[in-house]
Amino acid sequence: MSSVLSTAPASPEEAARHFAARLAFETDVSDVHADLEAGVPGLVVVDSRGAEAWDQGHLPGALHLPTALIAERAPALIPPGTAVVTYCWGPGCNGATRAALAFARLGYRVKEMIGGYEYWVREGFTVETATGRVGTPADPLTAPVASAFCGC
């Protein structure tokens, strides 16, 4: 018996709905990087971590707004109609999910950046620190070393 097929795969129509819905709720670090580099208007990237994490390093151009302060401060900082992308530490943390929920409850269109800060760094993108922008080489397990584009 197949472990994979012990539960039958969804129909193609159900699968299409499911995967389309995931893309409506999630984005990845490569797409966020591309949009930040292009200066896409109407998009705000929010780091939902605490002050110590922010100081350790954050995405260039990100807004620091810890999850606990979103309901109180977001309306004064982010205009209505702005698309928001939230991120936190990484795949082992659901802080970006909680932040995205807080933004959705305020009426913002929102996506969660899967992979979070961890995968931003692992893909070799620069981060902002108190000493300026710093970067590390891409991890070959997460991104092609010779290119910023994975081709997927």
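Visitor: At what N to O distance do the side chains of Arg 122 and Glu 118 meet in a salt bridge?

Guide: This is a predicted model, where local features need pLDDT of at least 70 and side-chain atom pairs count only at pLDDT 80 or more, while totals for chains, interfaces and linings use all residues. Residues are numbered from 1 along each chain as its sequence is written, and side-chain values use heavy atoms, with hydrogens and water left out. A salt bridge here is a side-chain nitrogen of Lys or Arg within 4 Å of a carboxyl oxygen of Asp or Glu. For Arg 122 and Glu 118, the N to O distance is 3.3 Å.

Visitor: How many helical turns separate Arg 122 and Glu 118?

Guide: Both residues sit in helix H6 (residues 116-122); helices (H or I, at least four residues) and strands (E, at least two) are DSSP runs numbered from the N terminus. Because Arg 122 and Glu 118 are four residues apart, the separation is about one helical turn.

Visitor: Are Asp 47 and Arg 49 buried or exposed?

Guide: The side chains of Asp 47 and Arg 49 meet in a salt bridge of 2.7 Å, N to O. Relative accessible area under 20% is buried, over 50% exposed, and in between partly exposed (1.4 Å probe, protein chains only). Asp 47 and Arg 49 are both buried.
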